[in-house]
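Please view the sequence and the model alongside the text.

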Amino acid sequence: MQETKADLEAMAKELNPIVGFYDPLGLSSASFWGKSEAETIGFLRHSEIKHGRVAMAAFSGYCIQANGIHFPWTPFRGFEESVSSMTPPEQWDAIPVNAKLQIIAWVGFLEFYSEIAGTHYMKGGVPGKFPSFKETAIANILPVDLYDPTNVASSMSAEESKKGLQAEINNGRLAMLGIFGFLTEAKIPGAVPALSNIVKPYAGDVMAPFAANAHFF
């Protein structure tokens, strides 16, 4: 079933009774690409959940890397000598361009697959649900699904599943603020007072992911 603005307003109160429904730009009433309200809301819901998941991974990764925690092996020559002393953005800069392209290609494949497989989130599909690899040729390479790989969700009651999905949205929103807080403090020391003694400065450009590999191009 496709959602409406009324559904978003009801869900917002469940997610955060204090803030409630907050849409200052009026996006939920917009019509993206001439699509219907339900299709536009499907796009917005899917986009928020997806970016929230990325932000949670980024926030957790930043915390882990900032504390010098990494795999015991060396992925690239010379990387092991300074990886523990580099900040997360500096570690990204130190990665060879070919490795960065592999990461982008993998993410691009997942994005492409999610758009063509299953019921699309703008056509009544479940926002945030990644299509299964089962019964496709991909299952021979990736036998485990990205969405609920351990089948935990399938054993949950409807109430437990709803509560878990709501927690994911709230955690994703918080993580988006958190990772931007890290990057802002790293680039503009003192911009986030609570992080001034925690996050180390970064001299590079967080909006230019290939700047350190300029010589390659």
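E39 is buried because its relative accessible area is 11%, where buried means under 20%, exposed over 50% and partly exposed in between (1.4 Å probe, protein chains only). The model is predicted: local features need pLDDT of at least 70, side-chain atom pairs count only at pLDDT 80 or more, and totals for chains, interfaces and linings use all residues. Residues are numbered from 1 along each chain as its sequence is written, and side-chain values use heavy atoms, with hydrogens and water left out.

E39 sits in helix α2; helices (H or I, at least four residues) and strands (E, at least two) are DSSP runs, numbered from the N terminus. The E39 side chain comes to 3.0 Å from the backbone nitrogen of S36. This is listed as a polar contact, a pair of N or O atoms within 3.5 Å; within protein, one must be able to donate a hydrogen and the other to accept it, and residues adjacent in sequence count only if both atoms are side-chain atoms.

R53 is also found in helix α2. With 27% relative accessibility, R53 is partly exposed. An unreviewed UniProt entry places the feature "binding site" at R53; such annotations may be inferred rather than shown by experiment.

The table gives the contacts of both residues (heavy atoms within 4.5 Å), without residues up to four places away in sequence.

| Residue | Relative accessible area | Residues touched |
|---|---|---|
| E39 | 11% | Q2, M122, K123 |
| R53 | 27% | G128, Y147, E168 |

The second largest pocket holds about 730 Å³ of space. On a 1 Å grid over the protein atoms alone, a pocket is an open set of points where a 1.4 Å probe fits, with protein on both sides within 12 Å along at least five of seven lines; lining residues have an atom within 4 Å of a point. The volume is the space filled by probe spheres set on the points.

Of the 21 lining residues, Y22, D23, L27, E48 and R173 lie nearest the centre of this pocket. Helices α1 (5–15), α2 (37–66) and α5 (158–187) each supply at least two lining residues, and α2 gives the most, with five.

The chain has five helices and zero strands. Of its 217 residues, 28% count as buried. The C-alpha atoms fill a box of roughly 55 × 50 × 35 Å along the principal axes.
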